[in-house]
Amino acid sequence: MSPPKKPRRSFPPITALDPTTLHSSSSIAADLDGTLLISPSSFPYFLTLAAEAGSLPRAAALLFLSPAIYLLYRFVSESLGVRLLVFLSVAGLRLRDLRLAARAALPRFYAGDVREDAWRVFGRCGGRRAVVTANPTFMVEPFARECLGADVVLGTEIEVDPRSGRATGFLKSPGVLVGEKKMWALEMEFGEDLPHLALGDRESDHDFMAICKEAYMVPPDPKATPVPQERLNRPVIFHDGRFVQRPTPATALLTFLWMPIGFLLALLRIYVNLPLRGAIVRHSYRLLGINLVIRGTPPPPPSRGSPGNLYVCNHRTMLDPIIISIALNRKVSTVTYSLGRFSQLISPLRAVPLTRDRDADAARIAALLRDGDLVVCPEGTTCREPFLLRFSALFAELGGDRIVPVAVDAKTGMFHGTTVRGWKSMDPYFFFMNPRPQYTVTFLDPLPLELTCKGGKSAIEVANHVQRLIGATLGFECTSLTRKDKYMMLAGYDGNVDSKKKKQI
């Protein structure tokens, strides 16, 4: 005899709730996919996780099996569909890599999909805020806590081999958090003081919604208004990952079909242009589909016996010094914190690695300036978002009165040309794999003597001034965040930056 069916519950739509009636003590529990997020599908986030913590072949295999996963999820069992999705995405991967990918690559895609009406309600609740989801907790928690201000994330827990630290692909009890299991998790977390408000979007949310004092359904709407990221609890400043766009099944299919063509195109774009002079490269770039935009008037090359110009730019990709050299139509030198032997071998520029010893690095930079022009990126690392990291004052101190600020920006459509984890030597290839990559170089006026260290300004004042000039040109926000902050956050730092570092320089 089959168990009796539960009576169908009915909840009013979220449009019936007036957010202004909520107060500082209101607590809330909300589902994620389809409720707080516009898209009801978590597939793009699992595919991103598979690619960034695993490999592109793993992500391609997940995409190939996605129709079977969808049919299983839709017509057989939601729980079985999620189990298969989790197994294919995480089995055999180190938990450390999974957490790093979840923190570094997922928040930006999540943040671009937050639903306006649901966020308006969730954000106004001043009591405890809980996100209840069938997705693994480690995937959702960094974004939910930092960007949505969630106090707790109740999700599915994955099983990890204690000896190897690798995910087995299976789940801890009670399994996938759907249906009644969401209700049990909420009761265990809140006890008798259950949330005042609940938001959900599907029938499997009804169980946890029914035990809250008020509950509202968020109807599906693919055209719902997304929340501007600046209105979230905090913006996404640092992120990693190769994909530019959220890899929905259609977008991911086009991306993987393009990759073999894109890689051949990248080889052509790189190795055809390596032996060419700057003036010729500008034309060959245009023929090969690379849009190079040059603005402003750079100073002439230094005369014999004079020190070179110090071109100070923000850092978008490893190609910045090469692109500036092409724009100048002459050879320059550059310094870097990390450069592999192969990259150094094929680099068309003289690239000198720094040691992070201030005195030794200062001596190297001074010697390079005596030999000619030098391009430096004082941020020390790339930042993809419209933010500038704090500039190192070392270069301002050594640049004398020949400092030239340069604002650079790179536009891509499919792949980012930067990475934190993975082979950095592949960064230029991924940049040139984009169908129509663009670089914009804007040469600003050289600093007048009175605004340099020789004119009486401190190195920090000069660095901050140059940073403000570049930020104003690009429309980027200047921060006091450093290279170290970036790597700490992406490696698992809790993200609570000291309040002083949130102020603009």
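Helix α4 (residues 66-76) supplies the largest share of a nonpolar surface patch, 4 residues; helices here are DSSP runs of H or I with at least four residues, strands are runs of E with at least two, and both are numbered from the N terminus. The model is a predicted one, in which local features need pLDDT of at least 70, side-chain atom pairs count only at pLDDT 80 or more, and totals for chains, interfaces and linings use all residues. Residues are numbered from 1 along each chain as its sequence is written, and side-chain values use heavy atoms, with hydrogens and water left out.

The patch covers about 550 Å² and is made by Tyr70, Leu71, Phe75, Val76 and Leu80. Patch residues have over 30% relative accessible area and no salt bridge, with nonpolar side chains (Val, Leu, Ile, Met, Phe, Trp, Tyr) joined within 5 Å and like charges within 9 Å. A salt bridge is a side-chain nitrogen of Lys or Arg within 4 Å of a carboxyl oxygen of Asp or Glu. Areas come from the Shrake-Rupley method with a 1.4 Å probe, and for residues only the protein chains shown count as cover. Phe75, placed in helix α4, counts as exposed because its relative accessibility is 60%; exposed means over 50% relative accessible area, buried under 20%, and partly exposed in between (1.4 Å probe, protein chains only).

Helix α4 returns in the second largest pocket, where it gives the largest share of the lining, 6 residues. This pocket has a volume of about 550 Å³. Its lining comprises 25 residues, and Pro40, Ser41, Ser42, Phe43 and Tyr73 lie nearest the centre. Two or more lining residues come from each of α2 (43-54), α4, α5 (78-90) and β2 (129-136). By class, the lining holds 11 nonpolar, 7 polar and 7 charged residues. Ala, Val, Leu, Ile, Met, Phe, Trp, Tyr, Cys and Pro count as nonpolar, Asp, Glu, Lys and Arg as charged, and the others, Gly among them, as polar. Points are joined across faces, edges and corners, and a volume is the space filled by probe spheres set on them.

The whole structure contains 3 cavities of 30 Å³ or more. The largest cavity has a volume of about 150 Å³. Of its 13 lining residues, Arg103, Glu146, Arg234, Val236 and Phe238 lie nearest the centre. Helices α9 (137-146) and α20 (483-490) each give two or more residues to this lining, and α9 gives the most, with 3. The lining divides into 10 nonpolar, no polar and 3 charged residues. Arg103 is also among the buried residues of α6. Because 8 of the 10 residues of α6 (residues 95-104) are buried, this helix is largely enclosed by the rest of the structure.

Most residues other than glycine have a negative phi, and most peptide bonds are trans. Ser173 and Pro174 are joined by a cis peptide bond, with omega about 10°; Pro174 lies in the loop between β5 (167-171) and α10 (180-190). Asn329 has a positive phi, near 60°, and is found in the loop between α14 (320-328) and β10 (333-336).

Note on methods:
On a 1 Å grid over the protein atoms alone, a cavity is a set of points where a 1.4 Å probe fits but cannot get out, and a pocket is an open set with protein on both sides within 12 Å along at least five of seven lines; lining residues have an atom within 4 Å of a point.
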